[in-house]
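Here's a quick look at a protein model with a ligand in it.

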Amino acid sequence: MDSEHKPGPSEFWDEFYAERQRVWSGKPNGALVREVGAVAPGRAIDLGCGEGADAIWLAERGWTVTGVDVSAVALGRAAEHAEEAGVADRITWLARDLAEWEPEEAYDLVTASFLHSPVEFPRERVLLAATRAVAPGGLLFVVGHTAFPPWSRHPHDEHMPSAEELAASLGLRSDLWAIETSTSEGREATGPEGQKAVLTDAILKARRSPGD
Ligand SMILES: C[S@@+](CC[C@H](N)C(=O)[O-])C[C@H]1O[C@@H](n2cnc3c(N)ncnc32)[C@H](O)[C@@H]1O
């Protein structure tokens with residue numbers, strides 16, 4: 001066995017998903033539901049869409065959605081769930097490594113929920129590319145951990161930005177972007193083995209100027 005072998009992102013995440021039949025709850029992220037539920041539908045892209053719950057929820061609300069993830073296993077599952085939900089025709093699934101690919105079109109909503117990875121991942125650069133993909137007048141929505149869950153495989157010493165720090169690092173200029181939500185929020189979460197913890201999320205919602 002090669003003890004030096006470090007899996008790349010697709011191998012890591014495919015193995016992660018293949019370990020269980022379903023990893024996430026199948027429910028959309030609560031912060032997305034709250035922040036975007038009243039927004040008129042258009043074109044959306046979900047970066048790191050995993051098993052597709054957010055993308056499917058958006059499609060059910062009339063959005064035309066592109067779901068991007070590095071794991072083909074997760075996307076296969078997402079596509080099955082979209083079929084079951086009757087919204088498969090509204091969603092395009094793309095297997096892409098966001099470290100090497102960025103959206104080529106503009107979207108009314110660019111969303112990224114818990115887009116973190118214990119495998120080498122340039123999150124800030126990926127989220128900067130996300131800002132470029134927001135159409136004039138469109139929304140950027142990011143929800144992330146401010147500290148990893150106790151059960152996660154991430155290195156626990158990594159600094160996780162607050163929403164304010166993220167907005168600053170993305171250089172969201174006040175003449176081009178309106179910050180609609182920038183907050184931290186606690187929630188009760190359940191780990192894959194039923195472990196319980198209170199986690200704090202950083203939630204950023206910013207609207208790009210229509211005239212930009
Ligand atoms: C913590 S999960 C979040 C999944 C989903 N957004 C959710 O909220 O349930 C992180 C997701 O990012 C994806 N991911 C990690 N690194 C990636 C990369 N380099 N390119 C694309 N997706 C990546 C993983 O496969 C995984 O589905």
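## What counts as a cavity

A cavity here is a set of grid points, laid over the protein atoms alone, where a 1.4 Å probe fits but cannot get out. Keep in mind that this is a predicted model.

## The cavity

How many cavities of 30 Å³ or more does that rule give? The count comes to one. The largest cavity has a volume of about 60 Å³.

Its lining is made up of Arg123, Val142, Gly144, His145, Pro161, Ser162, Ala163, Leu166, Ala202 and Leu204. Strand E5 (134-145), helix H6 (163-169) and strand E7 (196-208) each give two or more residues to that lining, and E5 gives the most, with three. Sorted by class, the lining of the largest cavity has six nonpolar residues, three polar and one charged.

## Around the ligand

Now for the ligand: 18 residues surround it, and the closest are Tyr17, Gly48, Asp69, Asp97 and Leu98.

## Polar contacts and cover

Which side chain puts an N or O atom 2.8 Å from a nitrogen atom of the ligand? That's Asp97.

As for cover, the ligand has 590 Å² of accessible area on its own, and the protein covers 94% of that.

Methods
Residues numbered from 1 in each chain as written. Predicted model: local features only at pLDDT ≥ 70, side-chain atom pairs only at ≥ 80, totals over all residues. Heavy atoms only, no water. Near = heavy atom within 4 Å. Polar contact = N/O pair within 3.5 Å; in protein donor to acceptor, adjacent residues only side chain to side chain. Areas by Shrake-Rupley, 256 points an atom, 1.4 Å probe, with all protein chains shown as cover. 1 Å grid on protein atoms, 1.4 Å probe; cavity = no way out; pocket = protein on both sides within 12 Å on 5 of 7 lines; lining within 4 Å. Points joined across faces, edges and corners; volume = space filled by probe spheres on them. Helix = DSSP H or I, 4+ residues; strand = E, 2+ residues; numbered from the N terminus. Nonpolar A, V, L, I, M, F, W, Y, C, P; charged D, E, K, R; others polar.
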